[in-house]
Every structure is written in structure tokens, then in C-alpha cells.
Amino acid sequence: MSENDSAQEKTEEPTAKRQEKAREEGQIPRSKDLTTFAVLLASAVGFFLFGGQMAHGLQRVLRHNFSLTRERLLDPNAMFSHLGLAFEEMFWSTLAFFSVIVLAALVGPTVLGGLLFSGKSLAPKWNRLDPIAGIKRMFSMRSLVELFKGIAKVSLVIATAFILLWSMQEPIHGLAREALAPGLNHALELSLYAGVVLSCSTLVIAMIDVPFQLWENKKKLRMSLQDIKDELKDSEGKPEVKGKIRQLQMQMAQNRMMSAVPEADVVITNPTHFAVALKYQPDTMSAPVLLAKGLDHSALRIREVAKQNGVEQIESPALARSIYHTTELEQEVPAGLYVAVAQVLAYVFQLREFRKGNGERPDRPGSPDIPADMRY
């Protein structure tokens with residue numbers, strides 16, 4: 001097997017996004033056998049709890065429909081009256097019993113996969129109408145497995161019923177020797193017991209089917225390495241596009257930074273590798289602010305823009321490196337560099353006054369006093 005083929009094997013656990021998408025499409029584990037067990041057990045328990053109520057309701061219906069006077073027999077509208085009362089009586093008599101069954105039918109499927117309503121799972125899928133695909137599904141491995149499962153289920157229920165009848169043969173034969181009322185009650189008890197036992201036999205099937213459904217659903221959701229890569233591309237964007245976006249963002253930030261250089265009071269250089277542009281307005285600023293900084297090519301552009309706009313440039317390699325590494329754009333220089341930056345700004349401001357004809361030409365500042373922890 002080639003490396004490319006092995007990479008396509010679905011050996012990876014499903015991601016959270018894959019699981020969420022599968023859930024939106026209705027692809028969650030469901031066990032029909034678990035639902036069957038829940039409905040059968042609820043029926044047996046409901047019959048045990050509400051059987052007497054249903055029996056009394058049926059008794060009232062029979063008494064009302066068979067206790068007829070001669071006038072009611074000859075009344076053509078009496079049939080509709082009796083029929084309506086019979087439906088009403090049986091509805092209220094069986095409401096609790098069927099409510100338990102409906103509740104079990106709703107709760108049973110949600111135990112395994114949770115409550116979910118997906119419109120996508122209800123949407124028609126035309127590929128299922130393909131007769132060729134249908135024939136392939138009929139003779140697929142899954143159909144064969146379902147066939148053996150069905151045979152196993154029927155065999156288990158029949159075996160349980162046979163064992164149950166064999167163990168209950170004496171009580172069943174004894175019903176013929178009992179009086180009518182006690183015999184009916186005893187027969188009802190035996191029927192309820194048999195119903196509960198047969199319902200519990202389906203629990204064995206559900207205990208086998210539930211782990212199988214969980215395993216099968218997890219297998220369907222498994223992903224290949226290529227699937228995971230594609231998902232990352234879809235969620236985070238393709239690397240080429242992301243790189244282009246980052247390039248554009250950097251270019252825009254660079255342009256904004258260069259547009260602020262003409263407003264600077266001084267550009268301090270390395271002189272070739274580093275360049276930082278500072279601005280200080282004593283009336284509005286508590287400390288000098290970094291407007292632009294650059295390395296190599298960006299430093300060259302800063303120097304060019306500064307030269308074109310008449311911004312003073314001062315060579316101070318140690319100070320330029322310190323400001324570059326310790327200060328972010330549009331932030332004030334750290335307190336440890338106040339003295340060194342003040343010496344440079346004082347020289348720049350005095351130089352401006354000199355060029356205007358005021359005072360003497362200032363001396364260039366010497367090596368700045370930079371703290372040891374800010375030297376780079």
C-alpha cells in the first residue's frame with residue numbers, strides 16, 4: 001500500500017466539528033432494540049398499574065351497551081349515542097396506559113443519542129430510489145448482519161417464552177380448577193408476569209445492540225488525515241490565503257507607520273540596521289512616543305521618508321536598538337531611557353532654534369547612558 005493510500009485510511013478520531021455536523025444531519029447512534037425493550041416494559045408496567053382501570057371502563061361500556069330498554073332498541077339514533085359514550089369511556093380509561101407507552105417510545109431513543117430533531121434527516125434522498133443501489137444494499141454485509149440479528153432476536157424470545165411456559169405449566173393447568181373470579185385474577189397475574197419476563201428478554205438484545213451501535217457510529221465518523229487537513233482549511237482558511245491576508249495587513253500597517261514619520265521630531269538610527277522615529281510635545285505628552293520603527297529595509301524607508309520631510313536624523317546605535325526592542329508603536333518610551341532620549345531631543349530642539357538664528361549651534365550628544373537591562 002502506498003503512502004498516499006494509507007493517508008486516506010479513516011484511522012483518526014472525529015473532531016468536534018465533524019461530530020457537530022453529523023448531529024445536525026441526524027447521524028447519531030440509535031438502537032431500535034433499546035426502544036423496543038422500553039416500549040414492551042412500559043406496556044407491561046402500564047398494564048399492571050392501569051389494567052384494573054381499563055377493565056372497569058370496559059365493564060361500564062359493556063353494561064351500558066347491553067342494558068337496553070325496548071324504546072332504546074327501537075330508537076334509530078340510539079346507536080350513535082351508545083357509540084359516542086363507548087368511545088369517550090374507553091378514551092379516558094386507556095389514556096394513562098397509552099400515555100405511559102408513548103412516553104417510553106419518546107424517551108427510549110433519546111437514552112442513547114439524546115434528543116434531536118433534524119430536518120436534514122427527514123429530507124428525501126433520491127439516491128435511495130436507485131434500484132441498483134437498493135439491490136446492493138439488500139445483499140450487502142450490513143443486510144446479512146441484520147438478518148442474523150433478526151434470527152437471533154426471534155430465537156431468544158421464543159426460547160424465553162418456551163422456558164417461561166414450561167416453568168408455569170402447573171399454575172396454568174391449575175386455572176381450570178379455580179372459580180371464575182379468582183381464576184380470572186390469577187390468569188391476569190400470570191399474564192403480567194409473563195409480559196414482564198418477555199420484555200426483559202429484549203433487554204439482553206439491547207445490551208448487545210447498544211455497544212454495537214455506538215461502535216458503528218464512531219466508525220462512520222472516523223476521519224483520514226486528509227479529512228482533518230481539509231477541515232482545518234475550511235475552518236481557518238487556506239494557508240495561501242492566510243499568508244496573503246497577513247501580507248496585506250503588514251503592508252497596511254507599514255504604510256500607516258510610514259505616514260506618521262513626517263510628524264516625528266527625530267529619527268534615531270543604527271545607522272543602517274535600525275531606525276526609530278520619536279515625537280514629543282511637552283504640553284500634551286508626559287513622555288516621548290514611538291511613531292515608527294524598522295529593521296533593515298524598513299529602517300531604510302524610515303530614513304528616506306524622514307529625509308524627504310526634513311526630520312532630523314541622529315546616529316545613536318545603542319539607543320536605537322534599545323528603543324526598538326523595548327517600545328511598541330504609539331507607546332511611550334520606558335522610564336529607563338528618559339535621560340538618553342532627553343539628551344537627543346534637547347539637541348534637536350536647540351538645533352531648530354539655531355537654524356532660526358537663535359543661540360549658538362549645539363554640540364551633538366555623546367554616548368547615551370542606557371541601563372544594563374535595556375542594552376541590546
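V266 has L278 in β2 as its bridge partner. That pair sits in an open, mixed sheet of 4 strands, ordered β3-β2-β1-β4. Strands pair if DSSP finds at least two bridges between them. Strands (E, at least two residues) and helices (H or I, at least four) are DSSP runs, numbered from the N terminus.

The model is predicted: local features need pLDDT of at least 70, side-chain atom pairs count only at pLDDT 80 or more, and totals for chains, interfaces and linings use all residues. Residues are numbered from 1 along each chain as its sequence is written, and side-chain values use heavy atoms, leaving out hydrogens and water.

**Strand pairing**
- β1 and β2 are antiparallel, with 4 bridges.
- They form a hairpin, with 4 residues between them.
- β2 (residues 274–279) runs antiparallel to β3, joined by 6 bridges.
- L278 stands opposite L290 in β3.
- β1 and β4 run parallel, joined by 4 bridges.
- T269 faces E315 in β4.

**The two sides of β1**
- V266 and I268 point one way, V267 and T269 the other.
- All four are buried, meaning under 20% relative accessible area with a 1.4 Å probe, protein chains only.

**Helices on the sheet**
- Helix α13 (residues 297–308) lies across β1 (266–269), β2, β3 and β4, at about 125° to β3.
- Helix α15 (residues 338–355) packs on the sheet and touches β1, β2 and β4, making about 135° with the direction of β4.
- Contact means heavy atoms within 4.5 Å.
- Angles run from 0 to 180 degrees between N-to-C directions, using axes fitted to C-alpha atoms, for helices over the stretch in contact.

Definitions and conventions. Buried means under 20% relative accessible area, exposed over 50%, partly exposed in between (1.4 Å probe, protein chains only).
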